[in-house]
Amino acid sequence: MNTVVSFPDLGTDEATVLEVSVVAGDRIRENQVMVILESAKATIDVPATEAGRVQEVMVRVGQVVHSGEPILQLETVAAAAGDLVVALQEVSAGLSPGHAPLVSEVPAPVAFQPTTQTQTQTLCLPDLGTDSATVSSWLVQEGDTARKDQLVLVLESAKASMEVPAPMEGVVEQWLVHPGQEVQSGVPMLRMRVQDWVETVPQPVRNARTLAVQKSIASRPEASPSVRQQQPAIHAGPAVRRLARELGVDLGKVAGHGPYQRILKEDVQAWVRQRLTASSAVPEDSDELERQEKAMQALGATLVPLTRIQVISAKRLAQAARQVVPVTQFEQADITDLEHFRKQEKAAAQEQGISLTILPFVIRALENTLRQYPRFNSELKLDGRGIYLRPERAIGFAVDSEQGLMVPVLKDVGHEPLLVLAGRITELSRLARAGTLKPEQMSGASFTVSSLGSVGGTAFTPVINWPQVAILGLSRTSIQPVWDGKAFQPRLMLPLSLTYDHRVIDGALAARFLVELSRQLSDIRRLLL
């Protein structure tokens, strides 16, 4: 007897089928996840309410479903037990007179138990992340026993070398791909002999003939385990799937270490740590690096080594690109009056060995604005569930040097006279260009300013110095006509570029921040407040 299994109460109007973890012919255990749904509010695992064999799957991935709709048709263990009774009775009826009936009572329910019997499964290549790859070598031979997660195959693509693990434990019966062969994702990789699960009936064996009949019935093709070619299904709970979405992790690439290869939170976190480590490492011994070197030598290219500072900066920029969600907001500040005052005081500053540029004014205005908008002076909690508001406003400013980009840090700038602040900037810039900055003079920044005004350009999108959440860019000033209500007046405008992490700061807040900063710079009197 078959039973139609329906969706339970979903607690929502509708949901979409995210994953179907079984196919017709599969034996399933009680509480085994059969289907995973995703609604507007949550991810829902639908488990089996009882054990049995799947006769037909009635839903597909991407289908929108509602409570009460059928999922699959299931031959339950009780039905399987009843079929066995009928079969035994039929055999008993056909025996010669004088023989006792083989079965006189309903047996106990069928159970699933591991046995020494085996079945052959065809394993397919996982998602390679590329159009194709070439088989480099086998890591196990036919006849070898491979453990779960043991590396069994090496592939080479145009970008990287990939090692493929075994998704389960078993004996390699036959390789279906060979060294030198070009393959794609999903191609059958090898045939593996694995331990089987069979139905057993814990009823007393009446006599040798009963045992023989039971073995005969159990050996029928329709009672044998299904043999099918497939990739292991992705099993993960709602909390794990939510964490994966927050971190941008493809669960298809994560090996699960929970029951039945279920993916745990620890598996996702370990995968992220491994990717971050691999991405930041310099592949000095990789085949890809060697191929690149040979190709460039053949072209006659000249290798120019990067400085130590440039190598460190490259790693940090790559890390920032992986970590943040950047958006850039643009604004212009009218600094006509500020520039007039700066030129008046420039000569007096030079007599004291101080270079009075526009930067001290910007940093003072920035410090005032950060005090009003502390979210820009924060750091995102690593699990994405909060932010740390930093009490100090330590502002780094980028300095171009022969060794590369240096970022000295200004701390405690809120109560210093502008000329003193300009003197500190002058000295730190000198040390940066000389390459003699101390580590403590380059650490602890909570916000960064990058200025290209002396070089040129109308605007740019600076890269956030992670784990900071924002950075301000300054471009070249220009005279522009500004309407004062009666006529156009020539005003000196400073382009501002604010790049911020959209996970922490939204667009409206970024616009308010820039408007306030522009207001501070447009009226020099505000810098004294």
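User: In which loop does proline 467 lie?
Analyst: This is a predicted model. As for its place in the chain, proline 467 lies in the loop between β25 (447–451) and β26.

User: Where is aspartate 412 found, and what is its phi?
Analyst: Aspartate 412 is found in the loop between β24 (409–410) and α9 (418–434). Most residues other than glycine have a negative phi. Aspartate 412 is not a glycine, yet its phi is positive, at about 55°.

User: Which strand has the highest confidence in the chain, and which the lowest?
Analyst: The chain has a mean pLDDT of 78, and 78% of its residues reach 70 or more. Confidence is highest in strand β26 (residues 470–474), at a mean of 96. At the other end, with a mean of 35, is strand β17 (residues 229–230).

User: How many contacts beyond near neighbours in sequence does the stretch of residues 197–232 have?
Analyst: The pLDDT is below 50 over residues 95–112, a stretch with 48 contacts beyond near neighbours in sequence. Residues 197–232 also have pLDDT below 50. For residues 197–232, the count of such contacts in the model is 79.

User: How do the residues of the contact of α8 with α10 divide into nonpolar, polar and charged?
Analyst: α8 passes α10 in a right-handed crossing. On the α8 side the contact residues include Phe361, Val362 and Leu366, and on the α10 side Phe513, Glu516 and Leu517 are among them. The residues of this contact divide into 8 nonpolar, 4 polar and 1 charged.

User: How many residues apart in sequence are the parts tied together by arginine 53 and glutamate 75?
Analyst: The model has 15 salt bridges. In one of them the side chains of arginine 53 and glutamate 75 meet, at 3.5 Å from N to O. Arginine 53 lies in strand β6 (residues 52–57) and glutamate 75 in strand β8 (residues 70–76), so the parts they tie together are 22 residues apart.

Technical notes. Residues are numbered from 1 along each chain as its sequence is written. This is a predicted model: local features need pLDDT of at least 70, side-chain atom pairs count only at pLDDT 80 or more; totals for chains, interfaces and linings use all residues. Side-chain values use heavy atoms; hydrogens and water are left out. A crossing is left-handed if the near helix is turned anticlockwise from the far one by less than a right angle, and right-handed if clockwise. Helices (H or I, at least four residues) and strands (E, at least two) are DSSP runs, numbered from the N terminus. Contact means heavy atoms within 4.5 Å. Ala, Val, Leu, Ile, Met, Phe, Trp, Tyr, Cys and Pro count as nonpolar, Asp, Glu, Lys and Arg as charged, and the others, Gly among them, as polar. pLDDT is the predictor's confidence in each residue, from 0 to 100. A salt bridge is a side-chain nitrogen of Lys or Arg within 4 Å of a carboxyl oxygen of Asp or Glu.
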